[in-house]
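Dear colleague,

Please find the structure below, together with its sequence.

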Amino acid sequence: MAGIEELAARWERTMGWCEPGARQERNRDDRAEEAVWERLAANYAATHNIYTQVPALGRRVQELLADCASVTEIGPGSGNFTLPLLASGKRVIGVEPSAAMRRALRRRVPSAAALTVVPCKWEMYDGERTDAVFVVNSLYRIRDIVAALRRMQETARKRVLLVRTRHSSALAAYFTEAGAGLPEREDYLLLEEIPAALGYAPQVERLYGTWRLPISRERIAKEWREWTTAAPTAEETDAMWERCRRDLTADGRLVITREYRIYTWNTEGK
């Protein structure tokens, strides 16, 4: 197995800390990151709700946290998982750095004695211990992943539970068909390898869910720029659009399948 330093360096590379571009800008600039959430916050619960879109994932999270009365949730956002956790009787501490997403969360949970929202990054959090630490897709701006995982281990009395969408473009198959190479992100591999190297013995599960995504030439160009680090020509955009049109549903959407990985380990006695 690779050493911790090598694994940490791979994490930095795959998460965009070592290359110029939009991902690095969001990583390094809090204002650029917040601008993204300002645009998305109002409709995020409706357009990006993994809990309701992938019911098997929501059920599995509830099962894995069934014996946990209190949960620290990293990056609760607008509360897509927070609300079901509260409804199941848990006390939740949400560590949320985005002001826009904290406002969105409070609109959905205007007052709840069982919810505490802490306005900071996970790297800066120094709060109380809870039974579990839980995070869904909110580690992408963490540079020192080893320190972040150790903080989770120290905070969780019983269990750490990470959920990560295997991250790739929604149009990955179409990019491949078009001959546009997509870089393979290693984060979903490293979230198993790094905890294992730290001695945490993570268990990994895979679940799958389908999404119906609206598609347009503008969406194609945006995905192309983000995932291939190059701007497409008008001809390339048109050719990709024609490929996608073959598979559109009657309401103009693409049906895609995404993989979700669940990483969990117990912290008791460690």
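**Surroundings of Thr264**

Leaving aside neighbours within four places in sequence, Thr264 is in contact (heavy atoms within 4.5 Å) with Arg159, Val160, Leu161, Ala201, Pro202 and Gln203. This is a predicted model, in which local features need pLDDT of at least 70 and side-chain atom pairs count only at pLDDT 80 or more, while totals for chains, interfaces and linings use all residues. Residues are numbered from 1 along each chain as its sequence is written, and side-chain values use heavy atoms, with hydrogens and water left out.

Thr264 belongs to strand S7 (residues 253-266); strands (E, at least two residues) and helices (H or I, at least four) are DSSP runs, numbered from the N terminus. Thr264 counts as buried because its relative accessibility is 9%; buried means under 20% relative accessible area, exposed over 50%, and partly exposed in between (1.4 Å probe, protein chains only). A polar atom of the Thr264 side chain lies 3.2 Å from the backbone oxygen of Val160.

Ala66 sits in the loop between helix H6 (55-64) and strand S1 (70-74). With a relative accessibility of 57%, Ala66 counts as exposed. Ala66 and Ser88 are 22 residues apart in sequence, and their C-alpha atoms are 8.7 Å apart in space.

Glu6 is part of helix H1 (residues 4-14), and its relative accessibility of 46% is why Glu6 counts as partly exposed. Between the C-alpha atoms of Glu6 and Pro84, which are 78 residues apart along the chain, the separation is 38 Å.

How values were computed. A polar contact is a pair of N or O atoms within 3.5 Å; within protein, one must be able to donate a hydrogen and the other to accept it, and residues adjacent in sequence count only if both atoms are side-chain atoms.
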